[in-house]
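Please look through the structure shown below before reading on, and keep it open while you follow the text.

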2 protein chains.
Amino acid sequence: MPADALSSALLPAGLHDVLPSEAAHEAAAVERLLAEFAAQGYRRVDPPLVEFEENLLSGPGAAMSKQTFRLMDPHSQRMMAVRADITPQIARIATTRLKNEARPLRLCYAGQVLRVKGSQLRPERQFTQVGVELLGALAAEADAEVVLLAVQALTAIGVPHLSVDLCVPTMVSRICAGLGLGEDDIRRLRAALDRKDAAAVAAVGGPAAALLESLMSASGPADRAMQALAALPLPEGAEKDRRRLTDTLALLRAAMPGLTVTIDLVEHRGFEYQTGLSFTLFSRGAGELGQGGRYRAGAQGEERGEPATGFTLYMDTLLRAVPPSPAAGRVYVPHGTSWESARKLRADGWVTVAGLAPVADAAAEARRLQCGHWLDWPAGGDVKPVG
Amino acid sequence: MPADALSSALLPAGLHDVLPSEAAHEAAAVERLLAEFAAQGYRRVDPPLVEFEENLLSGPGAAMSKQTFRLMDPHSQRMMAVRADITPQIARIATTRLKNEARPLRLCYAGQVLRVKGSQLRPERQFTQVGVELLGALAAEADAEVVLLAVQALTAIGVPHLSVDLCVPTMVSRICAGLGLGEDDIRRLRAALDRKDAAAVAAVGGPAAALLESLMSASGPADRAMQALAALPLPEGAEKDRRRLTDTLALLRAAMPGLTVTIDLVEHRGFEYQTGLSFTLFSRGAGELGQGGRYRAGAQGEERGEPATGFTLYMDTLLRAVPPSPAAGRVYVPHGTSWESARKLRADGWVTVAGLAPVADAAAEARRLQCGHWLDWPAGGDVKPVG
């Protein structure tokens with residue numbers, strides 16, 4: 001077994017050591033994302049890694065139950081769970097500790113989550129989750145704000161070829177219910193739509209078949225999709241979903257005319273817990289960078305709890321899309337260099353790497369320690385390239 | 001039960017939600033500490049939260065066994081452990097994944113650790129651990145570098161009244177062994193010294209009693225302690241510990257003449273796994289901020305493994321000693337303000353808080369949302385204080 005495979009085998013599958021350059025890259029990206037969130041009034045909260053199982057896995061957290069590790073708490077003799085998703089924790093904080101704060105409440109977070117199993121797409125069992133939640137606002141302005149914030153933050157860290165795919169995962173159900181379809185038929189239709197299987201939609205769709213096929217084929221670039229959607233005769237219940245899409249798109253266009261927006265009119269998979277306008281963030285070539293959308297905080301089900309929206313970014317995909325920023329230059333400062341001289345170099349933006357013992361050839365020692373420069377001390381006191 | 005106590009009861013004892021202002025304070029402090037470490041060539045690594053129990057709790061990690069939560073890994077069917085200390089993970093990375101990197105190897109880290117029980121002094125069961133490790137260097141220059149780096153980083157984040165207490169936890173054992181005392185006597189002496197119990201030291205000390213009493217009473221301000229130590233007739237084995245103290249102190253004095261340094265010549269408690277020069281960082285009034293010292297990485301016992309030194313900072317105590325930096329001004333931008341206008345305000349350093357719907361009194365709305373200012377838009381487009 002090669003050395004690296006041997007070392008990796010020290011760790012359980014799906015868990016890994018983030019080594020120097022990658023760790024700095026991730027830390028810098030997370031820092032910048034949170035700075036962008038903070039600049040729009042989102043305040044950071046840090047919930048704990050572990051909570052009582054019954055709290056962490058109630059309401060919206062229930063979805064992650066099978067993905068969650070449990071621990072016995074010897075103090076309380078109760079079961080605790082290691083978080084597999086931070087979003088339910090933020091909703092809990094908003095609706096308990098911060099329930100008396102003025103609304104809309106803007107919160108952001110970054111932290112580690114742990115999952116029992118990796119997926120085929122995302123084999124890691126531990127990753128960094130970064131996101132925001134905007135609570136207590138029903139307006140389309142709130143939907144637009146979180147989309148724009150995600151785009152702004154991703155652009156700030158250098159994600160290229162960004163696009164946003166909007167959807168309203170409740171719309172298909174509302175259309176089907178409005179046309180009198182039963183729950184079983186709706187479930188079958190959803191499965192067919194998830195597969196983009198037009199033949200099955202036609203076979204199962206009954207009175208909704210024609211409309212759903214139109215929605216399916218109209219999905220794509222936002223303006224074309226909205227034009228097609230505007231012309232369709234929607235049942236009453238789906239009208240507010242259409243209006244929300246229209247309003248949100250108009251707000252996005254006004255703020256960022258150049259943004260690439262697509263609309264999937266039949267999307268549902270991955271948005272099972274969303275209750276309104278939702279979205280996926282893409283970078284061409286790198287794939288999905290994150291997703292978000294409307295939900296109800298503090299209670300399960302659409303009509304209870306506090307209106308909320310937000311998004312989560314996937315740091316693993318995201319970092320593959322972002323070029324690392326150039327590292328500061330490393331300068332070797334030979335043994336005996338004064339603290340003050342090294343301090344001045346750092347103040348000028350250098351990373352100083354101190355020699356802990358005298359060496360015959362400082363330039364060679366600098367090279368050995370991966371420094372591009374060395375301080376010619378005590379001779380001239382100049383910084384020289386290792387050559 | 002008051003609302004806050006009720007909310008807190010949602011979480012297991014010793015675990016808590018870090019709320020907005022505190023979370024930003026901690027994040028800013030951690031960021032700055034890591035930037036100071038990076039500026040001296042320490043590169044960040046991020047080991048996982050969870051490892052196989054047998055790896056995490058071997059060698060130096062064994063000390064934390066009782067403080068460590070276990071999890072069954074359904075994938076490998078082996079027991080995993082949630083880290084209670086990051087230091088052994090860094091030593092593992094250095095001696096496996098990074099074993100071919102040039103020495104000295106400088107690494108730093110920041111992350112969460114979880115413990116089964118809080119202590120009386122530190123009731124939290126989860127906290128942020130931040131630190132550095134310097135591997136592969138035996139010289140006193142390495143000892144001085146990590147002390148100076150800790151002082152530099154703590155000063156950078158605004159810790160006031162900083163002092164460093166040096167010790168060499170191996171010295172007492174070497175003195176006693178050199179004077180022919182057995183292991184049982186040495187253990188009894190250690191307990192007496194930990195209690196600073198001069199009478200017991202006299203009673204148990206035998207041939208070492210006089211010397212140990214001198215060491216005990218000489219502990220205190222560094223220069224006085226070193227003067228007293230220099231005059232004492234030490235057995236051969238303890239000579240190198242005395243020399244290391246002398247050399248390190250000289251290097252500290254040369255770099256930072258104003259630094260408050262004390263020396264405890266009989267310190268041992270809390271340094272059971274240290275193998276040479278060690279130190280504790282204090283801020284007057286706030287208490288212990290962190291500690292560090294020499295150890296052997298990659299194997300248990302003094303004479304095997306790679307020489308290493310480093311330190312760990314306790315973010316909880318540390319944050320109590322540091323004033324939070326003033327937050328950026330929050331400005332309310334009324335509904336309808338253009339994205340570009342808000343962007344310009346952010347570029348000027350403002351935090352913008354967007355109105356999601358029209359309001360009659362923008363100044364009042366700004367106050368309600370904890371903004372000190374509001375944008376008078378579309379009227380004059382000026383930023384005005386809420387008054």
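Helices, of at least four residues, and strands, of at least two, are DSSP runs that are numbered from the N terminus. The model discussed here is a predicted one, and in it the phi of Q77(A) is near 60 degrees, a positive value in a residue other than glycine. Most residues other than glycine have a negative phi, and most peptide bonds are trans. Against that background two peptide bonds can be pointed out. The bond from R103(A) to P104(A) is cis, with omega near -5 degrees, and P104(A) lies in the loop between α4 (87–95) and β5 (105–114) of chain A. In chain B, the bond from W377(B) to P378(B) is cis, with omega near 5 degrees, and P378(B) sits in the loop between β15 (373–376) and β16 (382–385) of that chain.

We can now turn to the domains. In chain A the domain assignment gives domain 1 (12–159 + 294–327), domain 2 (170–269) and domain 3 (330–385). The contact between domain 1 and domain 2 of chain A takes 12 residues from domain 1 and 9 residues from domain 2, while the C-alpha centres of these two domains lie 28 Å apart. Between them, domain 1 and domain 2 of chain A bury about 830 Å², with 72% of this area on carbon and sulfur atoms.

Side chains of opposite charge can pair when their charged atoms come close. Across the interface of domain 1 and domain 2 of chain A there is 1 salt bridge, and R244(A) forms a salt bridge with D143(A), with 2.6 Å between the closest N and O atoms. Helix α5 (residues 140–156) of chain A gives the most to the side of domain 1 that touches domain 2, with 8 residues. By class, that side of domain 1 of chain A has 7 nonpolar, 1 polar and 4 charged residues.

The next step is the contact between the chains. Here 81 residues of chain B are in contact with 81 residues of chain A, and the area buried between the two chains is about 7,000 Å², of which carbon and sulfur atoms give 61%. On the side of chain B, R97(B), W339(B) and L356(B) lose the most area to chain A, together 12% of what that side buries. The interface of chain B and chain A holds 6 salt bridges, and R92(B) forms a salt bridge with D17(A), the closest N and O atoms being 2.8 Å apart. Helix α2 (residues 20–39) of chain B gives the most to the side of chain B that touches chain A, with 6 residues, and by class this side has 46 nonpolar, 14 polar and 21 charged residues.

Lastly, consider pairs of side chains in the whole structure. It holds 4 aromatic pairs over all chains. The rings of F37(A) and F311(A) have centres 5.7 Å apart and planes at 75 degrees, so this pair is edge-to-face. The pair links distant parts of the chain, 274 residues apart, with F37(A) in helix α2 (residues 20–39) and F311(A) in strand β12 (residues 306–314) of chain A. A search of the whole structure also finds 48 salt bridges over all chains. D241(A) forms a salt bridge with R174(A), with the closest N and O atoms 2.6 Å apart. Because D241(A) lies in helix α11 (residues 236–255) and R174(A) in helix α6 (residues 171–178) of chain A, the pair ties together parts that are 67 residues apart in sequence.

Conventions. Residues numbered from 1 in each chain as written. Chains lettered and ligands numbered in written order. Predicted model: local features only at pLDDT ≥ 70, side-chain atom pairs only at ≥ 80, totals over all residues. Heavy atoms only, no water. Domains from an automatic or database assignment. Contact = heavy atoms within 4.5 Å. Buried area = accessible area lost by both parts, 1.4 Å probe. Salt bridge = Lys/Arg side-chain N within 4 Å of Asp/Glu carboxyl O. Nonpolar A, V, L, I, M, F, W, Y, C, P; charged D, E, K, R; others polar. Phe/Tyr/Trp six-rings, centres within 6.5 Å; stacked < 30°, edge-to-face > 60°.
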